[in-house]
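Me: I would like to learn how to read the features of a protein model, taking one at a time. Could you go through this one with me?

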Amino acid sequence: MRAMSRTSSSEYETVPPEPAALVESLRAFGYELSTALADLADNSLFHHSRHITVHFHWAGENSAIALADDGDGMDERTLVNAMRLGSRNPRAPRDPGDFGRFGLGLKTASFSQCRRVTVFTKQHRKETLIRCWDLDHVAETGEWQLLRTSSALAARLAEKLADTKQGTVVIWEKLDRLTADTKTENDADEDAFLRRAEQVGDHFSAVFHRFMNGNRAVAFSLNGTAIQPWDPFLVDEAATQRLPLERLRFQGHVVEVEPFILPHLSKLDISAHRTAAGLRGWNAHQGFYIYRNRRLLVPGDWLGIKGWRQEEHYKLARIQVDLPNALDHEWEIDVTKSRARPPEKLRRELVRIGESTRSVAKRVYSHRGAKLVPAEGQERVFLWEQTAKHNQVSYRVNRDHPLVKQVRAACSDAPKFSALIRLIEETIPVPLITITDREKPDQTIGPFETSKESEILEVMRQVFASLRASGLSRREALLRLAHFEPFPRFPELLQTIQEEDEP
Ligand SMILES: Nc1ncnc2c1ncn2[C@@H]1O[C@H](COP(=O)(O)OP(=O)(O)O)[C@@H](O)[C@H]1O
Ligand SMILES: [Mg+2]
């Protein structure tokens, strides 16, 4: 066997990557603006920052984003290494508090959003150091020349560092993906830029909420305003239930799992209810919340467990899962930290815990006052009606259906609306439906049988609104709604409509 070090130069060629091409592929790691900035904040947190500020500076195509901290700062060697692509081996053991992993975060997160990243850093009682990657410069020179200078704007944005004892400021310029073709004076462009800033604030509220409380709290701010924590478990609400915390052992490490059942809608005030809905709504925020070192990676997901969908009646179930970072590999945490898959052995435990949590959540969700079931003997209202004339059977749309009535009233072209309804009535493919039904009886489905609950709810809401618009009181409208086919088949969703509308 031949030792590698002995390999003679005739046996290999050195093929360094082509800078311009490599740089472009580094830009496609799947980061979004929010996840990219959160990656910078991870570095700040790990290096003992107590204040983390994000600043969106608007100047059209010359806009910039700065993230500043008051953490340890870096010495020159560390800084240069930090800017080096692939500065760490992801398999090397890490400090248990560390959020990084691939030694790529700072670079890939930055390049996903901008073509120039400048880092200003200062250790206690030391000089401020500057290093800058400008991808245009790298492409032009064909060399990995790390600049020691910064633009005037970057210097201005980092000015504040001079007044702090220590810290680091990362500045992104040439935000080609965010501000391409924008104009400084264009208000709509500026609004869009500031909306993106707000989204970043919302993302930070969720991702870092556990750092924002307690006596060692870290203060986060965005363009001068403090970012408030978003607590998915509503721990301050009296009606929140905690199920027993479990410590699962896995490969010598401990994974902590604590299920929460959020309060029934009727036990929350409107603003608490709205806040708890989060960015994606109640339904989408049910499930496991995966944290690594208290940092939120997955904000509610059933982790692909077979047959477990996010459904209305499980929406009160939120389960906190705490991972140590030593298990990154087993959990398949990707570089953007927005995805995590549990290893098989833990999966079984999570299914067990998830099952009991879901059943309690469902009970709380369904335990309510009088159920809205249609009273016996009261007539049900259908959209389609069968009529028989001269022995001929035909199907008609019920013109008295409130949704039909309201749409007709709101329609500026009433004759066209009537023509459309007539056309639908005259051309329903009855023969085709009959044949299919006869040939494949198991393949015809009932109303909304394969629809998502959210979809049914939306239709219900519209019909309910029509009933209200026709002058009925809340109570009357709800009772009527419960008689409209096919809604009586979904008593729990009727209940949801009732609660949504509660004054
Ligand atoms: N805000 C910061 N404060 C101090 N050091 C930092 C900061 N950001 C980055 N660093 C240094 O840069 C290195 C590289 O960061 P990064 O590219 O995010 O990779 P990783 O976090 O996986 O190590 C870090 O390991 C750290 O030494
Ligand atoms: Mg990092």
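Reply: Let us start with one pair of residues: Phe-288 has Ile-319 in β13 as its bridge partner. The model is a predicted one, in which local features need pLDDT of at least 70 and side-chain atom pairs count only at pLDDT 80 or more, while totals for chains, interfaces and linings use all residues. Residues are numbered from 1 along each chain as its sequence is written, and chains are lettered from A and ligands numbered from 1 in the order in which they are written.

Me: In which sense do β11 and β13 pair, and over how many bridges?

Reply: Two strands are said to pair if DSSP finds at least two bridges between them. Here β11 (residues 287-292) and β13 (residues 317-323) pair in the parallel sense, over six bridges. Strand β12 (residues 295-301), by contrast, runs antiparallel to β11 and is joined to it by five bridges, with Arg-292 and Arg-295 as one pair of bridge partners. The turn of this β11-β12 hairpin has two residues between the strands, and Asn-293 in that turn has a positive phi of about 50 degrees.

Me: How many residues of β11 are buried?

Reply: A residue is called buried if 20 or more other C-beta atoms lie within 10 Å of its own, exposed if 12 or fewer do, and partly exposed in between, with the C-beta atoms placed from the backbone. Five of the six residues of β11 are buried, so this strand is largely enclosed by the rest of the structure. Gly-287, which lies in β11, counts as buried because it has 25 C-beta neighbours inside 10 Å.

Me: Which residues does Gly-287 touch, leaving out those up to four places away in sequence?

Reply: Contact requires that the C-beta atoms of two residues, placed from the backbone, lie within 7 Å. By that rule Gly-287 touches Gly-300, Asp-301, Trp-302, Gln-310 and Ile-319. Although Trp-302 is 15 residues apart from Gly-287 along the chain, their C-alpha atoms are separated by 5.0 Å.

Me: What is the order of the strands in the open sheet of seven?

Reply: The order is β4-β3-β5-β2-β1-β6-β7, and the pairing is mixed. The edge strands, β4 (128-134) and β7 (225-226), each pair on one side only. Further in, β1 (residues 51-57) and β2 (residues 64-69) run antiparallel, joined by six bridges, and Val-54 stands opposite Leu-67 in β2.

Me: What should I check when I look at helix α14?

Reply: You can begin with its length, since the expected span of a helix is 1.5 Å times one less than its number of residues. The 17 residues of α14 (residues 453-469) should therefore span 24 Å, and the end C-alpha atoms are 24 Å apart, which agrees. Next, look at its sides: Val-463, Phe-464, Ser-466 and Leu-467 are buried. After α14 comes Gly-471, with a positive phi near 105 degrees.

Definitions and conventions. Helix = DSSP H or I, 4+ residues; strand = E, 2+ residues; numbered from the N terminus.
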